[in-house]
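Me: Let's go through the labels in this model one at a time. For each, I want the value, the cut-off and the conclusion.

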Amino acid sequence: MAASESHLSSQSASKHIVVCGGGVIGACTAYFLSQKLQTSVTVVEKSAPACAASGKAGGFLALDWCDGGPMSSLARASFDLHKSLAEKYNGEDVYGYRALTTLSVPVLSERGGSSSSMKGSNLLPDWVDGETARPAKQIGTTETTAQVHPRLFTQTLLSASEAKVIKGEVETIIVENGHATGVVLKEMKEAVPADAVVLALGPWSNRLSMISELFNISGLKAHSIILRPREPDRITPHALFLSYQPAPGAKMLDPEVYPRPTGEVYICGMSKDAEVPENPESITGETESIEMLHKIAGTVSSHLKRDTVSEVVAEQACFLPCTDDGLPVIGELPGVKNCYVATGHSCWGILNGPATGASLAELILEGKSTTVDLKPFAPARFVKRRTRLEV
Ligand SMILES: Cc1cc2nc3c(=O)[nH]c(=O)nc-3n(C[C@H](O)[C@H](O)[C@H](O)COP(=O)(O)OP(=O)(O)OC[C@H]3O[C@@H](n4cnc5c(N)ncnc54)[C@H](O)[C@@H]3O)c2cc1C
């Protein structure tokens, strides 16, 4: 049977779909499934919804930064969906949705020898008052860049989906006659039956052999700090993409700074390959990386120096889920009907959650997606590659 014939028709009796993973991709998929008639959704989450990258990300959204490649339509559709979801669920008050002006700011360390002040650039708001930078450039406008608080966004969509949320660890997927029919949870006697299963396990996807036998999902560890400046009203909605050289000749770093409407300022960067621990709650930041983020924050703004802020709200780390070809993987798993995967969104999962969820809900219930053409993201692309390598 062709993939397009294997869908669960929305015309037929009520369908129960189990979404594995309560990050932004699982939550968005549960939400858009729940908007279709005759579906009930269960989300199985090992720890807590948004406990990993989906709660610790920056939450930056860009309309056109993925243009010119296969991600363009996913990103553009997602940017628009974020806007309409924010209108529907009062995103501005509920999860910090707002438009941003975005600047690229080359920062040099004191030892870097730059003599020009950040104040020399009329693009920079007053709070970006570090003394050691070259002029800034505008790279996003309030029409093309925006933000959400990622944990609050994920939790809002999950609760709007009215999905049943089960705390449990998915161990295996039950496959009968080539069809997924349920999910086995660790330490639970009874399986959860399903008409379709969605695997949205982020950097833990590889732990299911039905995924790792087909393709690889790796985890890239990235760090972040959240500061509460003493005068939050002085911090304007400007996102900063920095380039920072810690010392002459040292590798350039590219941290990002996102002020939030909550009065907090989020700063992230310092990514590195590392082993993804079994338990999402046990992921901690490395001291050296956290210290560097504090140093950069204090260099960019006197309002963000560790000894002047009113609170260091968080010092943390999380893992980006990455594929070998840099594209997300969204679609039915080859060889297992009604078993779908959605992961590998790397540094754009918060942006691309909505169109991923909307398209996947269409694929599952209507047999094809109209929001975005999912062909470039089909898991089958890895099977073709693997077969070619094996020949
Ligand atoms: C520092 C940093 C900053 C970022 N900034 C941005 C940004 O500004 N904009 C943007 O668009 N993206 C950003 N991202 C990327 C974004 O955070 C990720 O792409 C996205 O959160 C991935 O979501 P996910 O749902 O696939 O995975 P996750 O958020 O990792 O969720 C996977 C979930 O699955 C659960 N799980 C795992 N195994 C099991 C199991 N066996 N059974 C049940 N549950 C299980 C986990 O507990 C977890 O909750 C950033 C990422 C990082 C690290």
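**Labels and their cut-offs**

Me: Where is Asp-129 found?
Reply: Asp-129 sits in the loop between strand E5 (101–108) and E6. Strands here are DSSP runs of E, at least two residues long, and helices are runs of H or I of at least four, both numbered from the N terminus. This is a predicted model, where local features need pLDDT of at least 70 and side-chain atom pairs count only at pLDDT 80 or more, while totals for chains, interfaces and linings use all residues. Residues are numbered from 1 along each chain as its sequence is written, and side-chain values use heavy atoms, with hydrogens and water left out.

Me: Why is Asp-129 called buried?
Reply: Its relative accessible area is 15%. Buried means under 20%, exposed over 50%, and partly exposed in between (1.4 Å probe, protein chains only). Asp-129 is at 15%, so it counts as buried.

Me: What makes the pair of Asp-129 and Ser-302 a polar contact?
Reply: The two side chains are 2.6 Å apart at that contact. The term needs a pair of N or O atoms within 3.5 Å; within protein, one must be able to donate a hydrogen and the other to accept it, and residues adjacent in sequence count only if both atoms are side-chain atoms. The Asp-129 and Ser-302 side chains therefore qualify.

Me: Why is Lys-137 called exposed?
Reply: Lys-137 has a relative accessible area of 55%, so it passes the exposed cut-off. Lys-137 belongs to strand E6 (residues 137–140). Its C-alpha atom is 9.9 Å from that of Leu-240, which is 103 residues away along the chain.

Me: Why does Met-270 count as partly exposed?
Reply: Its relative accessibility is 22%, so it falls in the in-between class. Met-270 lies in strand E16 (residues 265–273). Its phi is positive, about 55 degrees, although it is not a glycine.

Me: Is Asn-177 buried or exposed, and how do you know?
Reply: Exposed: its relative accessible area is 78%. Asn-177 lies in the loop between strand E9 (170–176) and strand E10 (179–185). Its phi is near 50 degrees, a positive value in a residue other than glycine.

Me: What makes H1 mostly covered?
Reply: Of its 11 residues, 10 are buried. Among them are Val-24, Gly-26, Tyr-31 and Phe-32.

Me: How does the length of helix H3 compare with what is expected?
Reply: H3 (residues 72–88) has 17 residues and reaches 24 Å from its first C-alpha to its last. The expected span is 1.5 Å times one less than the number of residues. That gives 24 Å, and H3 is close to it. Its buried residues include Leu-74, Phe-79 and His-82. Just after H3, Asn-90 takes a positive phi of about 55 degrees.
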